[in-house]
Amino acid sequence: MNTTQNIILDFSHIYPEEIESQVKGLRRVDSSDIEGTDMYCTKDAEEEIRRRLSAYSPHGIHFLDNGNYHYVTKLFAEKITHPFSLVLYDHHSDMQTPLFPDMTSCGNWAAELLRKDRFLKQMVLVGPEQKSIEEIPPEFKGKLVCISMEEVDKHAVNRKLSEIKMDLPVYISIDKDVLNRDGARTNWNQGDMPLRILERLLLEVFEHQDVIGVDICGECSPLEPLQELLKDEKINKMTNDALYSFLSGLFQIFE
């Protein structure tokens, strides 16, 4: 298994075709031919994605396509075989009750991970609205620290620091729907976090904890009208470039 590999997990072909030749150290894993992956992931599809990721460790920077495939975070997290925490920047909790309980989905993967992963000792969820946090099932509260969008806006994040287990290594997952529309255009409703605030929060994690790896989802839908798609892709590319450069620099500084 590779020690570190920065990859694009390509389900919808939303990423530029030539991106691997333009960005040093980035490899594409084409998964567009796997059936049963969009929003809900069948057991067969999950096993095939797991097979295609078998050569890759959780270390590095991983792009996961749009938010419909955010459940792939669970597949990277299950590669971690020692106690860790997961820091999740997301405008949604991803802890909903699924319509199809026998399948992992983009809306329930975080709950499934909290419930089943024995090495996951804490999840820090940053960015949902307070009303969404209040809807999270109480069974998760013991392993969960929530920082609402409202608390981020009021710079009240420091109030929660005492609840975070700083001695644990951390895997970071970013859904760009946590950002405002100046920073990202996604296929889900979005929060209002500026990119500079997300970068400041990421820096604080790197400064205080050992970061195992990072994944990023939240692209737009390739089915948008062409004029809208071109505009949205341009904004997302700028943010992806900025995050890739920023995170690559942090990994170099704190390795």
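**View 1. The second largest pocket holds about 300 Å³ of space.** Of the 18 residues in the lining of this pocket, Tyr15, Pro16, Ile19, Lys237 and Asn240 are the closest to its centre. A pocket here is an open set of points on a 1 Å grid over the protein atoms alone, where a 1.4 Å probe fits, with protein on both sides within 12 Å along at least five of seven lines; lining residues have an atom within 4 Å of a point. The volume is the space filled by probe spheres set on the points, which are joined across faces, edges and corners. Helix α8 gives the most to this lining, with 8 residues. By class, the lining of the second largest pocket divides into 11 nonpolar, 2 polar and 5 charged residues; Asp, Glu, Lys and Arg count as charged, Ala, Val, Leu, Ile, Met, Phe, Trp, Tyr, Cys and Pro as nonpolar, and the others, Gly among them, as polar.

A quick note on what you are looking at: this is a predicted model, in which local features need pLDDT of at least 70 and side-chain atom pairs count only at pLDDT 80 or more, while totals for chains, interfaces and linings use all residues. Residues are numbered from 1 along each chain as its sequence is written, and side-chain values use heavy atoms, with hydrogens and water left out.

**View 2. The largest pocket holds about 410 Å³ of space.** Its lining has 16 residues, and Thr4, Val211, Phe251, Gln252 and Glu255 lie nearest the centre. Two or more lining residues come from each of β4 (60–63), β10 (211–217) and α8 (226–254); helices (H or I, at least four residues) and strands (E, at least two) are DSSP runs, numbered from the N terminus. The largest share, 4 residues, belongs to α8.

View 3. Two strands pair if DSSP finds at least two bridges between them. Strand β1 (residues 6–10) runs parallel to β4, joined by 2 bridges, and Ile8 stands opposite Phe63. With β10, β4 pairs in the parallel sense over 4 bridges, and there Phe63 has Ile216 as its bridge partner. Gly60 and His62 point one way from β4, Ile61 and Phe63 the other, and all are buried (under 20% relative accessible area, 1.4 Å probe, protein chains only).

**View 4. Thr186 sits in the loop between β9 (170–175) and α7 (195–208).** Thr186 is buried, with a relative accessible area of 10%. Leaving aside neighbours within four places in sequence, Thr186 is in contact (heavy atoms within 4.5 Å) with Lys176, Asp177, Gly218, Glu219 and Cys220.

Notes:
Buried < 20%, exposed > 50% of the residue type's maximum accessible area, 1.4 Å probe, protein only.
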